[in-house]
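Welcome! Here is a short tour of one protein model, meant for someone meeting it for the first time.

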Amino acid sequence: MMSSTPWLTDAEQRAWRNWIAVSAQLPTVLHRQLQRDSGLSLQDFEVLVNLTETAGQRARVADLATTLQWERSRLSHHIKRMESRGLVVREECVEDGRGAYVVLTETGLTAIESAAPGHARTVNDLVFSSLTEEELEGFTRTVEKVLAHLNEPVAHTLVPNRARTSTQKESS
């Protein structure tokens, strides 16, 4: 009788553990660099970058939370801290009165413009400088493929995957 447990192959296990290690270590290093060089946290940087890329350098709180994949309460608390430092302001949404906009301030714009070159240099040094052009293309395709799968409009739960794996093994 074959096990229905979907164990990873040795190659998958190696890739997965390395992915997890990078996912843990890279944000920590990026956060430290930003703090040291600009006084921004990695989360501040993410919010500011997103605001610089929106029309009018403003975004609805709900839309920003979705883009960042943060809970709205987490974003609200973070925005309050950023407001106290003058990086953003919150403005009521006059169109519907229920929501609010997060708006980039001149101080926030200056902060992101100052932080971005060092951050880009660090990302390049840590991630891209050791990759060949072909490796970069493969890495990009791989990450895009994983993200596309994660963004499919299907619930990602263990139960259906386990059932699918079990059915596939039984039919083999």
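## The strands

How do strand E2 (residues 88-92) and E3 pair, and over how many bridges? E2 and E3 run in the antiparallel sense, with 5 bridges between them; strands count as paired if DSSP finds at least two bridges. Here Arg90 stands opposite Val102 in E3. Strand E1 (residues 58-60) also pairs with E3 in the antiparallel sense, over 3 bridges, and Arg58 stands opposite Val103. Strands are DSSP runs of E, at least two residues long, and helices are runs of H or I, at least four, numbered from the N terminus.

In strand E3 (residues 100-104), 5 of 5 residues are buried, meaning under 20% relative accessible area with a 1.4 Å probe, protein chains only. In a regular strand, side chains alternate between the two faces of the sheet. Ala100, Val102 and Leu104 lie on one side of E3, and Tyr101 and Val103 on the other.

## A buried serine

Ser41 sits in the loop between helix H1 (10-38) and helix H2 (42-52). Ser41 counts as buried because its relative accessibility is 9%. Leaving aside neighbours within four places in sequence, Ser41 is in contact (heavy atoms within 4.5 Å) with His31, Leu34, Gln35 and His78.

## About the model

This is a predicted model, where local features need pLDDT of at least 70 and side-chain atom pairs count only at pLDDT 80 or more, while totals for chains, interfaces and linings use all residues. Residues are numbered from 1 along each chain as its sequence is written, and side-chain values use heavy atoms, leaving out hydrogens and water.

Notes
Buried < 20%, exposed > 50% of the residue type's maximum accessible area, 1.4 Å probe, protein only.
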